[in-house]
Amino acid sequence: MKKDYIVRATAADGQVRAFAATSRNLVEEARKHHNTSPVATAALGRLLTAGAMMGSMMKNDSDMLTLMVRGDGPLGGITVTADSHANVKGYVGNPDVMLPPKNGKLDVGGAVGIGLLQVIKDMGLKEPYSGQTILVTSEIAEDLTYYFANSEQVPSSVGLGVLMEKDNTVRCAGGFIIQMMPFATEETISRIEENLKNVSSVTSILDQGKTPEELLEILLGNVGLEITDTIDTQFYCNCSKERVEQAVVSVGRKEIQEMINEGETIEVKCQFCNTAYHYTVEDLKRIIKRSK
């Protein structure tokens with residue numbers, strides 16, 4: 001199976017920076033963890049792919065990115081986090097949501113609904129950076145394009161796609177982010193705009209077996225594409241029984257004591273990867289002692 005990775009590149013003598021990713025395995029991994037419906041897989045997969053690329057834009061090992069989509073649709077929101085090594089994880093509010101197709105495609109916009117996109121970057125400063133914009137189409141890619149232009153003042157073009165198999169597994173997934181530097185010339189911008197018109201969908205290109213490098217070649221080949229490096233990306237959750245214990249502690253001493261009195265083992269699931277952790281009465285007694 002081909003591995004998932006992100007290609008980082010520049011073009012037009014540094015006037016443009018670009019990222020392209022293939023993310024089929026990580027999106028399929030997320031689908032398995034959360035048992036998502038096709039439209040939920042597509043929505044989560046798009047945001048995971050964007051999160052992986054945006055995570056790879058960050059500089060330091062400890063930097064963390066969180067993307068939150070909150071809409072009034074039946075999906076109930078999407079949350080994704082990524083680190084600077086393009087390790088990414090995420091979940092949707094309602095993984096079972098089913099909607100009829102729209103124009104022959106999965107209706108991600110309908111599933112998400114009207115709402116907001118929030119981007120939080122924790123770069124070890126006193127306060128994390130937080131930017132928020134409205135969802136313009138709720139299809140994720142256009143919303144991120146709008147976010148970059150309005151919150152970060154970086155003219156960008158974002159393309160994201162997830163294509164499903166008949167058996168509801170992921171056939172292919174990936175995306176690109178192209179960003180103009182402040183000194184980009186009108187000629188470069190218009191040439192790239194023309195190139196973008198030739199890309200009807202990311203998945204149609206990836207489904208032909210094309211690589212992220214070849215996707216960038218289509219988008220930037222005529223403006224001096226220069227690939228700088230590649231980085232592997234994966235669905236990865238760093239949860240553990242100890243970490244999830246913090247969620248148990250946050251319930252409060254009174255509630256934990258009630259669980260102890262009931263004398264039964266409790267199950268707590270990590271939201272990001274759906275892994276179940278079990279805490280016996282002895283575990284709960286230990287937790288209540290430590291939280292004094």
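The entries below go element by element through this predicted model.

**Entry 1**

I began with strand S1, residues 5–11.

Strand S2 covers residues 16–22 and runs antiparallel to S1, with seven bridges joining the two. S1 and S2 make a hairpin, and four residues lie between them. In the turn, Ala12 has a positive phi of about 50 degrees.

Strand S10, residues 226–232, also pairs with S1. The sense is antiparallel, and I found six bridges. Here Val7 is opposite Thr230 in S10.

**Entry 2: the six-stranded sheet**

Next I traced an open sheet. In what order do its six strands lie? I read S7-S6-S3-S4-S5-S11, with mixed pairing. I checked the edges and found S7 (129–134) and S11 (234–235) there. Each has a single partner strand, so one side of each has no neighbour in the sheet.

Inside that order I picked out S4, residues 78–83, and S5, residues 87–92. They pair in the antiparallel sense over five bridges. Thr81 has Lys89 in S5 as its bridge partner.

I also looked for a helix against this sheet. Helix H4, residues 141–151, lies across S6 (115–122) and S7. H4 runs at about 120 degrees to S7.

**Entry 3: helices H1 and H2**

I turned to H1 (residues 24–34) and H2 (residues 38–55). Their axes come within 9 Å and cross at roughly 130 degrees. H1 and H2 are therefore oblique to each other. The crossing of H1 past H2 is right-handed.

Which residues make the contact between H1 and H2? From H1 I listed Leu26, Val27, Ala30, Arg31 and His34. They meet Thr41, Leu44, Gly45, Leu48 and Thr49 in H2. Sorted by class, this contact has five nonpolar, four polar and one charged residues.

**Entry 4: Ser37**

I stopped at Ser37, in the loop between H1 and H2. Is Ser37 buried or exposed? The relative accessible area of Ser37 is 6%. The cut-off for buried is under 20%, so Ser37 counts as buried.

I then asked what Ser37 touches. Leaving out residues up to four places away in sequence, I found Pro95, Asp96, Val97 and Met98. I also looked up its separation from Tyr129, which is 92 residues away along the chain. The C-alpha atoms of Ser37 and Tyr129 are 33 Å apart.

**Entry 5: helices H8 and H10**

Last, I took H8 (residues 241–250) and H10 (residues 281–290). They pack at an angle of about 70 degrees, and their axes are 11 Å apart. That makes H8 roughly perpendicular to H10. I noted a right-handed crossing for H8 and H10.

For the contact, I listed Lys241, Glu245, Val248 and Val249 on the H8 side. On the H10 side I listed Asp283, Leu284, Arg286, Ile287 and Arg290. The class count for H8 with H10 is four nonpolar, no polar and five charged residues.

Definitions and conventions:
Residues are numbered from 1 along each chain as its sequence is written. This is a predicted model: local features need pLDDT of at least 70, side-chain atom pairs count only at pLDDT 80 or more; totals for chains, interfaces and linings use all residues. Side-chain values use heavy atoms; hydrogens and water are left out. Axes are lines fitted to C-alpha atoms, for helices over the stretch in contact, and angles run from 0 to 180 degrees between N-to-C directions. Angles under 35 degrees count as roughly parallel, over 145 as roughly antiparallel, 65 to 115 as roughly perpendicular and the rest as oblique. A crossing is left-handed if the near helix is turned anticlockwise from the far one by less than a right angle, and right-handed if clockwise. Contact means heavy atoms within 4.5 Å. Ala, Val, Leu, Ile, Met, Phe, Trp, Tyr, Cys and Pro count as nonpolar, Asp, Glu, Lys and Arg as charged, and the others, Gly among them, as polar. Two strands pair if DSSP finds at least two bridges between them. Buried means under 20% relative accessible area, exposed over 50%, partly exposed in between (1.4 Å probe, protein chains only).
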